Amino acid sequence: MSKRHLQLPHSGPTSGTGQPSGRPAGLAGRAITAAAARAGAPGGLRFTERQLYYETCRVLSPGSTLLRGRVPGTPAPVLRLPVFTRALEARGRETVPGLLPPLPESGARVGPRWPRERSEMPERSESSELSESSQFSEFSEAYSEPDVYDYGLPRLLMCQDRSIAGMLLANHVHLEAACPVFAAEDALPLDPRLLAALRRAEGATVYVLHDASPAGLALPAHVRSGLGPVPGVRVVSLGLAPRHAAALRLPTGRGPAPGPAALAALPAALRPREAHWLAEGRFAEVAAVPPDRLLRTVLRLTRGPRPPRDSLWSGLRGLRGAGFMTWPAA
């Protein structure tokens with residue numbers, strides 16, 4: 001991965017998502033229809049407004065999708081966020097199939113709130129801020145039953161982005177992976193019952209899903225420190241890292257350059273070019289990953305490798321030694 005692959009064009013603004021665009025809102029509106037169909041495939045997936053925005057950018061720039069996996073890079077979004085927001089409002093959010101409602105404001109928290117640095121995120125209009133607000137009734141109640149905590153908990157997923165956590169819950173990732181899903185800002189410090197369940201599992205793993213930004217890359221260490229002295233519990237980053245953003249050709253933005261403290265907190269495993277990319281204020285959001293790919297990746301990494309599927313012949317061979325009503329020995 002070269003620096004050239006990770007750089008955005010120098011024309012246009014140096015902060016916020018996208019470059020000035022002359023595309024009319026009507027074109028954006030038509031692109032939203034196609035983007036919603038792609039974001040919900042296969043099987044009617046649910047997705048956030050932010051994910052719909054990035055999918056709309058891919059619809060308007062099909063070449064980026066064709067080059068994904070072949071030519072690494074981080075292209076600039078072709079559609080400015082305010083243009084997308086106006087087109088979505090004109091169409092009506094409730095008319096977009098699969099689009100999740102806005103998130104409510106998070107409730108009372110115990111302990112410090114993990115900050116998401118607004119300076120690093122793409123510019124948002126007022127209506128876009130409100131869009132991060134409502135699929136969380138299930139989020140707050142998914143693991144509220146007391147008996148859930150009476151057993152060992154082998155894995156748990158923490159998300160930097162509350163809306164992404166809600167999207168994973170809305171698509172039942174917590175059920176398919178048998179893995180509770182939380183937003184870090186809402187869950188840290190962890191409930192003592194969750195800590196006890198992780199301890200009982202003997203070798204539990206806390207997965208962290210975060211943006212490719214200084215704040216995101218520092219989140220796993222913050223989660224580790226928030227767990228306290230829980231022996232045997234691993235904290236594993238699922239990404240994103242700058243190398244992932246380049247390999248997937250994710251649209252990226254640029255904000256103010258991080259300070260020395262933020263740069264010092266970056267993981268030592270980062271490549272020098274990645275650290276330099278972050279030092280320039282570059283960032284990529286998990287929401288930029290296509291929804292179906294995000295779900296597949298999270299399920300694959302949290303569930304672990306699947307056991308080999310038995311064939312008909314292996315099943316018959318197993319029946320010979322199973323006892324009653326099985327293959328005759330003679």
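User: Where is H172 found, and what makes this residue count as partly exposed?

Analyst: In this predicted model, H172 is found in the loop between α8 and α9 (173-176). Its relative accessible area is 40%, and because buried means under 20% and exposed means over 50%, a value in between makes H172 partly exposed. H172 also has a positive phi of about 65 degrees, although this residue is not a glycine.

User: What is the phi of R249, and why is R249 called buried?

Analyst: Phi of R249 is near 55 degrees, which is a positive value in a residue other than glycine. Most residues other than glycine have a negative phi. R249 lies in the loop between α13 and β5 (253-254), and its relative accessibility is 14%; because the cut-off for buried is under 20%, R249 counts as buried.

User: Which peptide bond ending at P42 is cis, and which one joins L240 in the cis form?

Analyst: The peptide bond from A41 to P42 is cis, with omega near -5 degrees, and P42 lies in the loop between α2 (25-39) and α3. A cis peptide bond also joins G239 and L240, where omega is about 15 degrees; L240 lies in the loop between β4 (234-239) and α13 (242-247). Most peptide bonds are trans.

User: Why are α3 and α5 called roughly perpendicular to each other?

Analyst: The axes of helix α3 (residues 49-60) and helix α5 (residues 81-91) come within 11 Å and cross at roughly 110 degrees. Because angles of 65 to 115 degrees count as roughly perpendicular, α3 and α5 are roughly perpendicular to each other. The contact is made by E49, R50, L52, Y53 and T56 of α3 together with L81, F84, T85 and L88 of α5, and the residues of this contact divide into five nonpolar, two polar and two charged.

User: Which residues in the largest nonpolar core touch the most other members, and what does L52 touch?

Analyst: The largest nonpolar core has 57 residues, of which L52, F84, L157, L168, L209 and L294 touch the most other members. Leaving aside residues up to four places away in sequence, L52 touches I32, A35, A36, F47, F84, L88, V96 and L99. There is also a second, separate core of 20 residues, which includes A184, L194, V208 and V230.

User: How do you know that D211 is buried, and what does its side chain reach?

Analyst: D211 lies in the loop between β3 (205-209) and α12 (214-227), and its relative accessible area is 2%. Because buried means under 20%, D211 is buried. The side chain of D211 reaches the backbone nitrogen of V286 at 2.9 Å, and the C-alpha atoms of D211 and A287, which are 76 residues apart along the chain, are separated by 8.5 Å.

User: How many helices and strands does the protein have, and what share of its residues count as buried?

Analyst: The secondary structure comes to 17 helices and six strands, and of the 330 residues of the protein, 47% count as buried. Among contacts between residues at least 6 apart in sequence, 82% join residues at least 24 apart.

Methods: Residues numbered from 1 in each chain as written. Predicted model: local features only at pLDDT ≥ 70, side-chain atom pairs only at ≥ 80, totals over all residues. Heavy atoms only, no water. Helix = DSSP H or I, 4+ residues; strand = E, 2+ residues; numbered from the N terminus. Buried < 20%, exposed > 50% of the residue type's maximum accessible area, 1.4 Å probe, protein only. Polar contact = N/O pair within 3.5 Å; in protein donor to acceptor, adjacent residues only side chain to side chain. Axes fitted to C-alpha atoms, helices over the stretch in contact; angles between N-to-C directions. Parallel < 35°, antiparallel > 145°, perpendicular 65-115°, else oblique. Contact = heavy atoms within 4.5 Å. Nonpolar A, V, L, I, M, F, W, Y, C, P; charged D, E, K, R; others polar. Core = buried A, V, L, I, M, F, W, Y, C linked by side-chain atoms within 4.5 Å.
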